[in-house]
Amino acid sequence: QVQLVESGGGLVQAGDSLRLSCAASGRTSSSHAMGWFRQAAGQERAFVAETRSGGSTHYTNSVKGRFTISRDNAKNMIYLQMNSLKPEDTAVYYCVVDENPYLRQSPKYWGQGIQVTVSS
């Protein structure tokens with residue numbers, strides 16, 4: 001089992017920045033993919049970013065150039081630096097871990113989620 005706890009969300013204005021953090025515990029491994037999904041009101045959960053076991057990173061098109069994902073395997077932490085935030089980034093953000101070199105469509109482990117609200 002892997003436990004995930006997110007922090008760093010909140011209410012910001014458009015153009016501001018936020019940094020989400022996720023503390024992982026339990027059966028963590030550098031061979032696991034780690035990342036972030038989000039769910040806006042009335043929509044399905046959607047992929048945001050991942051860092052694969054080999055170190056490569058991938059983003060959904062709408063956040064490329066604005067968000068940066070990183071991981072610290074020694075501390076079992078995942079981060080999502082979000083810059084130039086837009087109202088459409090408003091969502092509940094979930095930290096995820098998958099027992100796979102890359103995130104599958106439905107990763108195995110999920111955090112409880114944290115709200116990010118961007119006002120215009």
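Q: Is the link of C22 and C95 left-handed or right-handed about the S-S bond?
A: The link of C22 and C95 is left-handed, with -85° about the S-S bond. This is a predicted model, in which local features need pLDDT of at least 70 and side-chain atom pairs count only at pLDDT 80 or more, while totals for chains, interfaces and linings use all residues. Residues are numbered from 1 along each chain as its sequence is written, and side-chain values use heavy atoms, with hydrogens and water left out.

Q: Why is the pair of C22 and C95 called a disulfide?
A: The sulfur atoms of C22 and C95 are 2.1 Å apart, and a disulfide is a pair of cysteine sulfur atoms within 2.5 Å, so the pair qualifies. C22 lies in strand β3 and C95 in strand β9, 73 residues apart. Strands here are DSSP runs of E, at least two residues long, numbered from the N terminus. The structure holds one disulfide.

Q: What makes V97 count as buried?
A: The relative accessible area of V97 is 2%. Buried means under 20%, exposed over 50%, and partly exposed in between (1.4 Å probe, protein chains only), so V97 is buried. V97 lies in strand β9. With contact meaning heavy atoms within 4.5 Å, and neighbours within four places in sequence left aside, V97 touches residues including V2, L4, M34, I78 and Y109.

Q: How do you know that β4 and β9 pair?
A: Two strands pair if DSSP finds at least two bridges between them. β4 (residues 33-39) and β9 (residues 91-98) have seven bridges in the antiparallel sense, so they pair. In β9, D98 is the bridge partner of A33. β4 also runs antiparallel to β5 (residues 46-51), joined by five bridges, with A46 of β5 as the bridge partner of R38. Six of the seven residues of β4 are buried.

Q: Why is one side of β1 and of β7 left without a neighbour in the sheet?
A: The open sheet has four strands in the order β1-β3-β8-β7, with antiparallel pairing. β1 (2-7) and β7 (67-72) stand at its edges, each with a single partner strand, so one side of each has no neighbour in the sheet. β1 pairs with β3 (residues 18-26) over six bridges, and S7 has S21 in β3 as its bridge partner.

Q: Why is the pair of F37 and F47 called edge-to-face?
A: Ring centres of Phe, Tyr and Trp (its six-membered ring) must lie within 6.5 Å to pair; planes under 30 degrees apart count as stacked, over 60 as edge-to-face and the rest as tilted. F37 and F47 are 5.9 Å apart centre to centre with 85° between the planes, so the pair is edge-to-face. F37 is buried at 6% relative accessible area, whereas F47 is partly exposed at 27%. Y94 and W110 form another edge-to-face pair, 5.8 Å centre to centre with 75° between the planes. F37, F47, Y94 and W110 form one aromatic cluster.

Q: What makes R45 count as sitting over the ring of Y94?
A: The rule asks for NZ of Lys or CZ of Arg within 6 Å of the ring centre and within 35 degrees of the ring normal. The charged end of R45 is 4.1 Å from the centre of the Y94 ring and sits over that ring. R19 lies over the face of Y79, at 4.0 Å from the ring centre.
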